[in-house]
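Work through the exercises below with the sequence and the model in view. Try each task before you read its solution.

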Amino acid sequence: MFLANVVASGTPETIGGALLTGLLGYIVVFFGLFLLMIVVIITSKIVMAKTAKEAPAAPAAVAPSPAAAPAAAPAPGSAGKLKLYDTPEKEAAMIMAIVANKMGRPLNELRFISIKEVK
(Lines give C-alpha, C1' and ligand atoms only; values in the text may rest on other atoms or scores of the structure.)
Protein backbone atom coordinates (compact mmCIF):
# COMPACT_ATOMS: atom_id res chain seq x y z
CA MET A 1 0.00 0.00 0.00
CA PHE A 2 1.25 3.48 -0.87
CA LEU A 3 1.27 6.30 1.61
CA ALA A 4 -0.47 9.37 0.30
CA ASN A 5 -0.68 12.90 1.64
CA VAL A 6 -4.19 13.92 2.50
CA VAL A 7 -5.22 17.45 1.67
CA ALA A 8 -7.59 19.47 3.87
CA SER A 9 -10.53 18.34 1.75
CA GLY A 10 -9.85 14.73 2.74
CA THR A 11 -8.76 13.51 -0.71
CA PRO A 12 -5.29 12.09 -1.24
CA GLU A 13 -2.76 14.38 -2.96
CA THR A 14 -1.03 13.07 -6.07
CA ILE A 15 2.72 13.13 -6.66
CA GLY A 16 2.29 15.87 -9.26
CA GLY A 17 0.30 17.97 -6.81
CA ALA A 18 2.93 17.47 -4.10
CA LEU A 19 5.69 18.50 -6.51
CA LEU A 20 3.71 21.58 -7.51
CA THR A 21 3.16 22.51 -3.86
CA GLY A 22 6.88 22.12 -3.13
CA LEU A 23 7.83 24.13 -6.21
CA LEU A 24 5.46 26.93 -5.26
CA GLY A 25 6.94 26.93 -1.75
CA TYR A 26 10.46 27.29 -3.14
CA ILE A 27 9.33 30.07 -5.48
CA VAL A 28 7.73 32.00 -2.61
CA VAL A 29 10.84 31.66 -0.41
CA PHE A 30 13.29 32.72 -3.13
CA PHE A 31 11.05 35.61 -4.19
CA GLY A 32 11.05 36.79 -0.56
CA LEU A 33 14.85 36.51 -0.43
CA PHE A 34 15.10 38.43 -3.70
CA LEU A 35 12.92 41.23 -2.30
CA LEU A 36 15.01 41.33 0.87
CA MET A 37 18.17 41.59 -1.25
CA ILE A 38 16.69 44.53 -3.17
CA VAL A 39 15.78 46.30 0.09
CA VAL A 40 19.31 45.81 1.46
CA ILE A 41 20.91 47.12 -1.75
CA ILE A 42 18.69 50.21 -1.81
CA THR A 43 19.32 50.89 1.88
CA SER A 44 23.09 50.57 1.48
CA LYS A 45 23.07 52.98 -1.48
CA ILE A 46 21.12 55.54 0.56
CA VAL A 47 23.52 55.22 3.50
CA MET A 48 26.58 55.47 1.21
CA ALA A 49 25.15 58.61 -0.41
CA LYS A 50 24.59 60.20 3.02
CA THR A 51 28.10 59.38 4.25
CA ALA A 52 29.62 60.61 0.97
CA LYS A 53 27.92 63.99 1.47
CA GLU A 54 29.06 64.25 5.11
CA ALA A 55 32.63 62.97 4.67
CA PRO A 56 34.24 65.95 2.86
CA ALA A 57 32.90 68.47 5.37
CA ALA A 58 34.38 66.79 8.46
CA PRO A 59 38.16 66.77 7.60
CA ALA A 60 38.15 70.37 6.34
CA ALA A 61 36.81 71.70 9.65
CA VAL A 62 39.25 69.76 11.86
CA ALA A 63 42.53 70.16 9.94
CA PRO A 64 45.11 71.60 12.40
CA SER A 65 48.19 73.41 11.16
CA PRO A 66 51.38 71.32 11.19
CA ALA A 67 53.33 73.95 13.18
CA ALA A 68 50.77 73.99 16.00
CA ALA A 69 50.74 70.20 16.45
CA PRO A 70 52.78 69.15 19.53
CA ALA A 71 55.25 66.28 19.37
CA ALA A 72 53.54 62.94 19.90
CA ALA A 73 54.03 61.57 23.39
CA PRO A 74 55.23 57.98 23.71
CA ALA A 75 52.60 55.32 24.16
CA PRO A 76 51.85 54.25 27.76
CA GLY A 77 54.39 51.69 28.87
CA SER A 78 56.99 52.64 26.27
CA ALA A 79 60.37 53.98 27.25
CA GLY A 80 61.08 56.37 24.41
CA LYS A 81 63.18 55.88 21.29
CA LEU A 82 65.50 52.99 20.57
CA LYS A 83 68.56 53.34 18.35
CA LEU A 84 69.46 50.32 16.24
CA TYR A 85 72.98 49.96 14.84
CA ASP A 86 73.37 47.25 12.16
CA THR A 87 70.46 45.29 13.69
CA PRO A 88 67.16 44.55 11.95
CA GLU A 89 64.00 45.42 13.89
CA LYS A 90 62.92 41.77 14.07
CA GLU A 91 66.18 40.69 15.70
CA ALA A 92 66.06 43.67 18.09
CA ALA A 93 62.57 42.67 19.17
CA MET A 94 63.74 39.09 19.81
CA ILE A 95 66.73 40.34 21.83
CA MET A 96 64.52 42.58 23.96
CA ALA A 97 62.09 39.71 24.59
CA ILE A 98 64.92 37.36 25.59
CA VAL A 99 66.42 39.93 27.99
CA ALA A 100 63.02 40.59 29.58
CA ASN A 101 62.43 36.86 29.97
CA LYS A 102 65.84 36.22 31.55
CA MET A 103 65.36 39.13 33.96
CA GLY A 104 61.85 37.95 34.84
CA ARG A 105 60.36 41.40 34.25
CA PRO A 106 57.74 42.64 31.78
CA LEU A 107 59.12 44.27 28.65
CA ASN A 108 57.36 47.57 29.34
CA GLU A 109 59.30 47.98 32.60
CA LEU A 110 62.67 47.84 30.83
CA ARG A 111 64.34 50.68 28.93
CA PHE A 112 66.52 49.86 25.97
CA ILE A 113 68.58 52.81 24.71
CA SER A 114 70.36 51.18 21.79
CA ILE A 115 71.11 47.78 20.32
CA LYS A 116 74.29 47.26 18.34
CA GLU A 117 75.50 44.16 16.56
CA VAL A 118 79.01 43.21 17.66
CA LYS A 119 81.09 42.04 14.71
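Helices (H or I, at least four residues) and strands (E, at least two) are DSSP runs, numbered from the N terminus. The model is predicted: local features need pLDDT of at least 70, side-chain atom pairs count only at pLDDT 80 or more, and totals for chains, interfaces and linings use all residues. Residues are numbered from 1 along each chain as its sequence is written, and side-chain values use heavy atoms, with hydrogens and water left out.

**Exercise 1.** Find the elements with the lowest and the highest mean pLDDT.

Solution. pLDDT is the predictor's confidence in each residue, from 0 to 100. Then go by element. Helix α2 (residues 57–62) is lowest, at 52. Helix α1 is highest, at 93.

**Exercise 2.** Check the length of helix α3 (residues 89–103).

Solution. The expected span is 1.5 Å times one less than the number of residues. For the 15 residues of α3, that gives 21 Å. The end C-alpha atoms are 21 Å apart, which agrees.

**Exercise 3.** Sort residues of α3 into buried and exposed.

Solution. Buried means under 20% relative accessible area, exposed over 50%, partly exposed in between (1.4 Å probe, protein chains only). Ala92, Met96 and Ala100 are buried. Seen down the axis of α3, the buried residues fall within an arc of 70 degrees (taken from the directions from the helix axis to the C-beta atoms), so they line one face of the helix. On the other side, Lys90, Ile98, Asn101 and Lys102 are exposed.
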